[in-house]
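I opened this entry to look up a few strand pairings and the packing around them. Notes follow in the order I checked things.

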Amino acid sequence: MRYLMTGGAGFIGCNLVRYLLWTQVSAQVAVLDKLTYAGNLANLDDVLDDNRLTFFEGDICDREAVADAMAEAEVVVHLAAETHVDRSIMGGEAAARTNFMGTQVLLETARAVQPRVFLNVATDEVYGCCPQGEFSEEAPLNPRNPYAAAKAGADRLGYAYYVTYGLPVVTSRPANNYGPYQYPEKLVPFFVYRALRDEPLPVYGDGLQVRDWLHVEDHCRAMVTLAEKGVPGEAYNIAAGNESTNLTTIRLILDELGKPESLIRYVEDRPGHDVRYALNGAKLAALGWKPEILWEEGMRRTVRWLAAHRDWLEQSIARSKEYFEQWYAGRV
Ligand code: NAD
Ligand code: TYD
């Protein structure tokens with residue numbers, strides 16, 4: 001199978017590249033990635049020599065770059081995005097451009113290329129906050145921050161290309177991912193980085209917000225299931241069934257690292273903070289997928305991986321010095 005993966009040098013992308021190359025002998029994987037602060041060729045170090053992998057450095061908003069990279073694709077997996085909520089709160093332009101306009105360029109190009117399937121990776125955040133119960137795919141979209149709103153636009157744009165032009169777009173809405181190579185602006189790797197340095201951990205608000213944690217390996221299997229069995233025009237939640245408050249997650253990180261809870265600092269909340277995400281995963285379960293990695297074991301393993309890759313953490317953080325200084329100024 002010939003894949004085009006956008007965002008393949010980022011967290012989920014680099015894990016999916018490895019998963020495809022290691023599990024499918026005949027996989028040919030083209031990656032299109034702009035290598036923003038979050039994308040890093042070093043994330044693909046151990047597979048860059050594999051002649052089944054072709055790397056295209058380019059922007060998904062650039063029609064020519066997209067046409068080159070997509071020319072041979074049978075399966076498009078669209079992961080490239082500006083993915084951090086906090087950055088989108090500081091300024092939403094990059095998220096609007098890449099997440100919405102970039103998706104439009106990809107969809108338009110796909111009309112000419114006619115891949116067998118276009119997997120449009122959205123997010124659980126398109127539904128907005130879920131104070132109780134869980135959202136099925138029928139729930140209204142109610143994104144509440146600029147990142148989520150741009151992703152919701154891209155989610156429905158993919159659907160519109162299915163309805164209008166018959167493009168075989170399958171949409172996924174995954175829960176919060178964790179695992180190796182996550183850029184350390186997100187909760188888990190950022191707090192591991194800071195705890196390793198004995199620096200305070202800035203917990204927004206009361207820390208009782210709930211996330212459902214999906215291990216990136218389970219997510220990779222889910223994406224392959226959807227590429228093979230997803231019905232065009234349909235959206236699928238990817239739920240993990242691992243709901244945890246931020247404080248519970250943070251205490252597990254501290255415990256694994258042998259660091260004291262006195263590192264926790266309650267700081268000013270994120271504006272518009274979604275206090276809970278929760279998905280009903282029955283529709284994807286009916287296609288035969290279920291999460292396999294237990295939350296505590298997967299989280300401890302991830303913390304150990306991050307601690308063993310301290311240089312990678314330090315170098316990743318160094319690429320965004322200005323962002324961290326601005327966003328956390330007055331918080332820690
Ligand atoms: P990431 O930030 O780690 O990686 C994003 C990648 O996209 C980077 O390699 C970056 O260089 C690339 N990129 C950004 N803008 C680009 C552009 N204009 N052109 C080409 N490449 C560009 O993100 P991630 O966590 O791996 O997320 C991947 C996808 O999964 C995103 O679409 C995100 O919205 C979605 N998602 C992520 C999570 C999560 O918890 N990480 C949960 C649900 C959905
Ligand atoms: P994050 O990793 O940014 O993912 P998302 O907002 O997309 O779910 O944040 C996960 C949770 O952790 C979220 O409730 C916000 C919280 N958080 C903090 O309390 N402090 C921090 O410094 C960060 C980055 C996140």
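How many of the residues of strand β1 (residues 2–6) are buried? I worked from a predicted model. I found 4 of the 5 residues of β1 buried, so I noted the strand as mostly covered.

Next I looked up the partners of β1. With strand β2 (residues 28–33), β1 pairs in the parallel sense over 5 bridges. I checked one position in that pairing: Tyr3 has Val29 in β2 as its bridge partner.

I then turned to strand β4 (residues 75–78). β1 and β4 also pair in the parallel sense, here over 4 bridges. In β4, Val77 stands opposite Met5.

Which residues have the most contacts inside the largest nonpolar core? I listed Val17, Val29, Val77 and Met223, in a core of 85 residues. Another core lies apart from it and has 19 residues, including Ala73, Val76, Ala110 and Tyr161.

I went back to Val77 for its contacts, leaving aside neighbours within four places in sequence. On one side of the list I have Tyr3, Leu4, Met5 and Thr6, which fall among the residues of β1. The list also holds Leu16, Leu119, Val121 and Met223.

As a general remark, nonpolar side chains tend to be buried together in soluble globular proteins.

Note on methods: Residues numbered from 1 in each chain as written. Chains lettered and ligands numbered in written order. Predicted model: local features only at pLDDT ≥ 70, side-chain atom pairs only at ≥ 80, totals over all residues. Heavy atoms only, no water. Buried < 20%, exposed > 50% of the residue type's maximum accessible area, 1.4 Å probe, protein only. Helix = DSSP H or I, 4+ residues; strand = E, 2+ residues; numbered from the N terminus. Pairing = 2+ DSSP bridges. Core = buried A, V, L, I, M, F, W, Y, C linked by side-chain atoms within 4.5 Å. Contact = heavy atoms within 4.5 Å.
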